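Please keep the sequence and the coordinates in view while reading.

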Amino acid sequence: MKKNIWPNKDTKIFFSMSINPGNTGAKLHNSLFKILKLNSIYIPLKIKNNTAAKNILKNFNFSGCSLSMPFKESLISVIDKLDKSASDIKSINTILNKNNKLIGFNTDYYAAIKILKKTKISKNKKVLLLGFGGVAKAILKALKDLKYKDITVSARKKRNFKKLTICKNVKFCKWKYKDKIKSYFLINTTPLGMFGKNEKKCPVKESFLRDVNTVYDLTVNPNKNNLQKLCEKHKIKYYSGVYTGYLQGIKQFEIYNNIKLSKKILKKIGLKKLK
């Protein structure tokens, strides 16, 4: 790929759609395009609503698209085919345009499997999962597939909870009672602690953390949010959503380009695959 002719008419276009886009995905994908000398570009788009998002998917010539909330569930209706994990979760964050057919994937699930294995937490320990959006469903499927036995979900809404097969043998707790649950492993998939308007908010009270051993915080925040600060204060193991974002992004890149990234390539962008 010659620098002086890029981008051009043959450039493959990838993009993300979000109400509040960041630059993490663009940095990751464009760095890999450059290293691998691929005639491709990745652009984050700020999309206001589902109508605008659907119009883009139906009318724009693109190679791949990544989705943030609230599009992970609402755009399934325009997808031609779902891979197995996305079908079970009923949520997608990755769209591949293959031969003019849109195929939906969920790489949040892939990242969750990697992180959950790394924690090495006993499958008998009590898990509290906060939130029940698209990311939460991916985490819940990962927990179930890894045979965690004691899982409670707490969210403001219980919509469709009983309808999903991944919710079988999973308890539900109303949001206002979540701080009364003694948990060993806390997973936060809510936007509380995310950069922006929710950055200073914390999903649980400090007193709740006295029984917690490990926190998996899916918020994306380059700064330390209040939950991370409390974990450091009380010496609680903390896994950041920032690294999770990179893991799911790596899987996205492999899906988009039908390749397997080597450890050598990942080291060039400062990342290593988890075992």
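On a 1 Å grid over the protein atoms alone, a pocket is an open set of points with protein on both sides within 12 Å along at least five of seven lines, and its lining residues have an atom within 4 Å of a point. The model is predicted, so that local features need pLDDT of at least 70 and side-chain atom pairs count only at pLDDT 80 or more, whereas totals for chains, interfaces and linings use all residues. Residues are numbered from 1 along each chain as its sequence is written, and side-chain values use heavy atoms, with hydrogens and water left out.

The second largest pocket is lined by 16 residues, of which K12, N61, F62, S63 and N97 lie nearest its centre. Two or more residues of this lining come from each of β1, β5 and α8 (241-257); such helices (H or I, at least four residues) and strands (E, at least two) are DSSP runs, numbered from the N terminus. The volume of the second largest pocket is about 300 Å³, taken as the space filled by probe spheres set on the points, which are joined across faces, edges and corners. Its lining divides into five nonpolar, eight polar and three charged residues. In this division Ala, Val, Leu, Ile, Met, Phe, Trp, Tyr, Cys and Pro count as nonpolar, Asp, Glu, Lys and Arg as charged, and the others, Gly among them, as polar.

Strand β1 also holds I13. I13 is partly exposed, with a relative accessible area of 25%; buried means under 20%, exposed over 50%, and partly exposed in between (1.4 Å probe, protein chains only). Leaving aside neighbours within four places in sequence, I13 is in contact (heavy atoms within 4.5 Å) with I41, F60, F62, S63 and G64. The C-alpha atoms of I13 and Y42 are 6.2 Å apart, although 29 residues separate the two along the chain.

An open sheet of six strands with mixed pairing has the order β2-β1-β3-β5-β6-β4, where two strands pair if DSSP finds at least two bridges between them. Its edges are β2 (40-46) and β4 (81-82), each with a single partner strand, so one side of each is left without a neighbour in the sheet. Strand β4 runs parallel to β6 (residues 101-105) and is joined to β6 by two bridges, with K81 having I103 as its bridge partner. Helix α1 (residues 24-35) packs on this sheet, touching β1 (12-18) and β2, and its direction makes about 170 degrees with that of β2. Axes here are lines fitted to C-alpha atoms, for helices over the stretch in contact, and angles run from 0 to 180 degrees between N-to-C directions. Helix α2 (residues 50-59) packs on the sheet as well, touching β1, β2, β3 (64-67), β5 (94-98) and β6, at about 165 degrees to β1.

A further open sheet of six strands, with parallel pairing, has the order β9-β8-β7-β10-β11-β12. Strands β9 and β12 (237-240) stand at its edges with a single partner each, so one side of each lacks a neighbour in the sheet. In strand β7 (residues 126-130), four of the five residues are buried. Five bridges join β7 to the parallel strand β8 (residues 150-155), and K126 stands opposite D150. K126 is also among the residues touched by S183, which is buried with a relative accessible area of 2%. Finally, α8 lies across β11 and β12, running at about 45 degrees to β12.

Conventions: 1 Å grid on protein atoms, 1.4 Å probe; cavity = no way out; pocket = protein on both sides within 12 Å on 5 of 7 lines; lining within 4 Å.
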